[in-house]
Amino acid sequence: MLKFTPILLAILYAVAMYRFSAWRTAKELDTRSTELADPVLKKMTDKLAAALDLPRVRVHIYEIDPVNGLAAPDGRIFITRGFYRKFQQGEVSAEEIASVIAHELGHVALGHSRRRMIDFSGQNALRTALAMVLSRFLPGIGVWIANMLTTMLAAGLSRSDEYEADEYASALLVKAGIGTAPQKSLFGKLEALTNARGGAMPAWLMSHPKTPDRIAAIEKNEARWNGIEG
């Protein structure tokens with residue numbers, strides 16, 4: 001029984017972390033967000049809503065400066081104040097913002113946003129359990145190995161989700177009459193907008209795929225769809 005104690009503790013830790021993380025995320029978003037009320041962007045969200053056969057697509061502004069979009073575990077869609085500010089300054093177009101919203105809708109529709117919260121808690125539990133076990137056999141470096149393994153796992157899962165959400169967004173944008181050009185053009189701007197340094201870490205440790213790979217995947221989907229239609 002004692003052999004399984006670290007695993008049981010890790011499972012209990014994962015459950016507690018999931019509940020706490022979900023509560024903390026919801027509270028943070030409730031406190032620091034307001035519904036987006038921009039007439040130009042509403043035209044875009046109305047197109048997305050019509051393509052999804054929904055009365056409306058509601059989007060909220062999350063009051064933080066970093067440029068980002070996100071889908072909450074409860075299904076709400078957010079763009080950050082920093083991202084919206086880039087739109088107001090003319091650095092990104094309404095169609096490019098629509099591509100972000102479509103991408104986040106993909107995360108919701110495909111179950112990524114809720115699963116990520118569970119995965120985050122599960123990965124913390126796995127990290128704890130691995131660290132306990134490996135530290136017995138590899139004192140001093142067991143914790144480091146556990147951290148590296150769980151980070152690699154998380155990055156791989158996240159990249160897969162991003163490709164799936166990109167494909168969903170592409171299909172939705174085409175159906176809405178917006179097309180994939182804004183989606184691809186925004187990818188070309190993201191590094192500058194976010195001050196990212198794509199070469200700072202190996203691709204297999206990055207939580208998002210590299211920009212050229214994402215664009216290539218979109219174009220591959222387009223070619224496949226055109227072939228089917230033809």
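**Figure 1. Arginine 56 in the loop between α2 and β2.**
Arginine 56 is partly exposed, with a relative accessible area of 43%; buried stands for under 20% relative accessible area, exposed for over 50% and partly exposed for values in between (1.4 Å probe, protein chains only). The model is a predicted one, in which local features need pLDDT of at least 70 and side-chain atom pairs count only at pLDDT 80 or more, while totals for chains, interfaces and linings use all residues. Residues are numbered from 1 along each chain as its sequence is written, and side-chain values use heavy atoms, with hydrogens and water left out. Residues up to four places away in sequence not being counted, arginine 56 touches Glu35 and Ala49, where contact means heavy atoms within 4.5 Å. Aspartate 46 lies 10 residues from arginine 56 along the chain, and their C-alpha atoms are separated by 6.1 Å.

**Figure 2. Aspartate 53 and its positive phi.**
Aspartate 53 is found in the loop between α2 and β2, the latter comprising residues 59-62. The phi of aspartate 53 is positive, about 60°, although this residue is not a glycine. With a relative accessible area of 71%, aspartate 53 is exposed. The loop between α2 and β2 is also the place of arginine 56, which is partly exposed.

**Figure 3. The packing of helix α2 against helix α4.**
Two packed helices are described by the angle between their axes and the distance between the axes. Helix α2 (residues 39-51) and helix α4 (residues 94-109) pack at about 45°, their axes being 9 Å apart. The arrangement of α2 relative to α4 is therefore oblique, a term for angles that are neither under 35 degrees (roughly parallel), nor over 145 (roughly antiparallel), nor 65 to 115 (roughly perpendicular). Axes are lines fitted to C-alpha atoms, for helices over the stretch in contact, and angles run from 0 to 180 degrees between N-to-C directions. The crossing of α2 and α4 is right-handed, meaning that the near helix is turned clockwise from the far one by less than a right angle. On the α2 side the contact is made by Val40, Leu41, Met44, Thr45 and Leu48. On the α4 side the contributors are Ala94, Glu95, Ile97, Ala98, Ile101, Ala102 and Leu105.

**Figure 4. Alanine 102 in helix α4.**
Alanine 102 is buried, with a relative accessible area of 0%. Neighbours within four places in sequence being left aside, alanine 102 is in contact with Leu48, Tyr168, Ala169, Leu172 and Leu173. Serine 170 stands 68 residues from alanine 102 in sequence, and the two are 8.0 Å apart in space, C-alpha to C-alpha.

**Figure 5. Threonine 34 in strand β1.**
Strand β1 comprises residues 33-35 and contains threonine 34. Threonine 34 is partly exposed, with a relative accessible area of 43%. The contacts of threonine 34, not counting residues up to four places away in sequence, are with His60, Ile61, Glu63 and Arg81. The C-alpha atoms of threonine 34 and valine 59 are separated by 8.8 Å, the two residues being 25 residues apart along the chain.

**Figure 6. Helix α3 and glycine 90.**
Within helix α3 (residues 81-88), Gly82, Phe83, Tyr84 and Phe87 are buried. Glycine 90 follows α3 and has a positive phi, near 85°.

**Figure 7. The setting of these views in the whole chain.**
The protein chain has 8 helices and 4 strands, identified as DSSP runs numbered from the N terminus (helices H or I, at least four residues; strands E, at least two). Along the sequence these elements follow the pattern α-β-α-β-β-β-α-α-α-α-α-α. The chain has 230 residues, of which 38% count as buried. Of the contacts with a separation of 6 or more, 68% are between residues 24 or more positions apart.
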